[in-house]
Amino acid sequence: MESKKINKLVLASTNSNKVKEFIDIFSKNDVKIIPQSRFGIDSVNEKHITFVENAIEKARHVSRLTKLPTIAEDSGLCVDALNNNPGIFSSRYSSLDKKNCSISNNSLLIKNLHNIENRKAYYISIIVFINYPNDPIPLISEGRLYGKIIDEASGNNGFGYDPHFYIPIFGKTVASMTNEEKNSISHRSIAINKLMNKIIYG
Ligand code: ITT
C-alpha cells in the first residue's frame, strides 16, 4: 500500500487547551501542528446542528485564509439523561455568547443533573481534514470516551468538563489524570489516530 508522509498540519482551533492536546498527540506521529492563531485568524461562528458540519465550517474558514490543507475538530460532552446535551453547545452551555466558561458550564451541568441517577455520558470528537476550502471529499474521523458525571469536582489537570467526568476503569476523573494518561484514552486521541491512518493510507 502506498503511504503519504505528512510532517505539518494547520489546526483550525482557538481553544489553547485543545491545541496543546493536538500538539502532544500529533508529536507522537512526528507531525507538527500549526494553530490558526499563528496566522492571526479569529474563530468562526458555529451555526450548524451537527458536530461534523461545525468541524467542516471551521476547517474551511481557516483553509480559505491560509490556502493550506487544514484539520479542525468539533467536540463535546453528551449526557444520556440530558438527551445528549450539552453536545454541540458544550463550550457555550451556560451562555450562548461566551465560549469556554468552564466554571459556569460545570455548575449548570451539575444543576441539571440534580436528583438524576443516570450519570452515563461520553465525550465525542469529530475531526475533519480538507486539502483545500471546497474539498468535496473531507476525511472525517470520530472518537469517543465513555464515563459518568460526578457532582464533586476532582483534579486540576485538563479543561472543560474534565473535573466532573469520571472514568470507571481508571478510578478517577479526567482532570485527575496526567496528560499522558488522558491522551492514551481520550476521544481526541482516538479520532486523531484514525485520521492519521486515513491521511497516510487513504
Ligand atoms: P474551537 O472551536 O476553537 O476548537 P471550542 O472549545 O469552542 O474551540 P468546540 O466547539 O469543539 O471547541 O467545543 C468543545 C467543548 O466541549 C469544549 O469547550 C469543552 O467544553 C468540551 N470538551 C471537548 N473535549 C473536552 C475535553 O477533552 N475535556 C473537557 N471538555 C471537553
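**Notebook: cavity, ligand, pocket**

I began with the lining of the largest cavity, where S3 gives the most, with 5 residues. I was working on a predicted model.

**Cavity**

I asked how many cavities of 30 Å³ or more there are. The count came to 1 cavity. I noted its volume: about 470 Å³ of space lies in the largest cavity.

The lining of the largest cavity holds 35 residues. Nearest the centre I found Asn 15, Lys 18, Ser 75, Ser 91 and Asn 100. Which elements each supply at least two residues of this lining? I wrote down helix H2 (51–66), S3, helix H3 (102–112), strand S5 (120–130) and H5. Sorted by class, the lining of the largest cavity has 15 polar, 10 nonpolar and 10 charged residues.

**Ligand**

Where does the ligand sit? I found the ligand in the largest cavity. Two elements give two or more residues to the shell around the ligand: strand S3 (70–79) and helix H5 (187–201). S3 provides the largest share of that shell, 4 residues. I recalled that S3 also gives the most to the lining of the largest cavity.

I counted the neighbours next. There are 22 residues around the ligand. Thr 14, Lys 58, Asn 100, Asp 162 and Lys 182 come nearest. Asn 100 was already in my notes, among the residues nearest the centre of the largest cavity. By class, I logged 10 polar, 9 charged and 3 nonpolar residues in the shell around the ligand.

I turned to individual atom pairs. Thr 14 uses its backbone: an N or O atom there lies 2.7 Å from an oxygen atom of the ligand. Lys 58 uses its side chain, with a polar atom 2.7 Å from an oxygen atom of the ligand. What lies 3.4 Å from a nitrogen atom of the ligand? I found a polar backbone atom of Tyr 161 there.

On its own, the ligand has 610 Å² of accessible area. The protein covers 99% of that area.

I moved on to the largest pocket. About 160 Å³ of space lies in the largest pocket. I found 13 residues lining the largest pocket. The closest to its centre are Lys 20, Glu 21, Asn 157, Gly 158 and Asn 179.

Which helices each supply at least two residues here? I noted helix H1 (16–27) and helix H4 (179–185) for the lining of the largest pocket. H1 provides the largest share of this lining, 4 residues. I divided the lining of the largest pocket by class: 6 polar, 4 charged and 3 nonpolar residues.

**Backbone**

Last, I looked up two backbone details. I found a cis peptide bond running from Asn 85 to Pro 86, with omega near 0°. Pro 86 belongs to strand S4 (residues 85–86).

Which residue has a positive phi although it is not a glycine? I wrote down Asn 83, with phi of about 55°. I placed Asn 83 in the loop between S3 and S4.

**Recap**

The ligand sits in the largest cavity. S3 gives the largest share of the shell around the ligand. H1 gives the largest share of the lining of the largest pocket.

Terms used. Residues numbered from 1 in each chain as written. Predicted model: local features only at pLDDT ≥ 70, side-chain atom pairs only at ≥ 80, totals over all residues. Heavy atoms only, no water. Near = heavy atom within 4 Å. Polar contact = N/O pair within 3.5 Å; in protein donor to acceptor, adjacent residues only side chain to side chain. Areas by Shrake-Rupley, 256 points an atom, 1.4 Å probe, with all protein chains shown as cover. 1 Å grid on protein atoms, 1.4 Å probe; cavity = no way out; pocket = protein on both sides within 12 Å on 5 of 7 lines; lining within 4 Å. Sits in = over half its atoms within 2 Å of the grid points. Nonpolar A, V, L, I, M, F, W, Y, C, P; charged D, E, K, R; others polar. Points joined across faces, edges and corners; volume = space filled by probe spheres on them.
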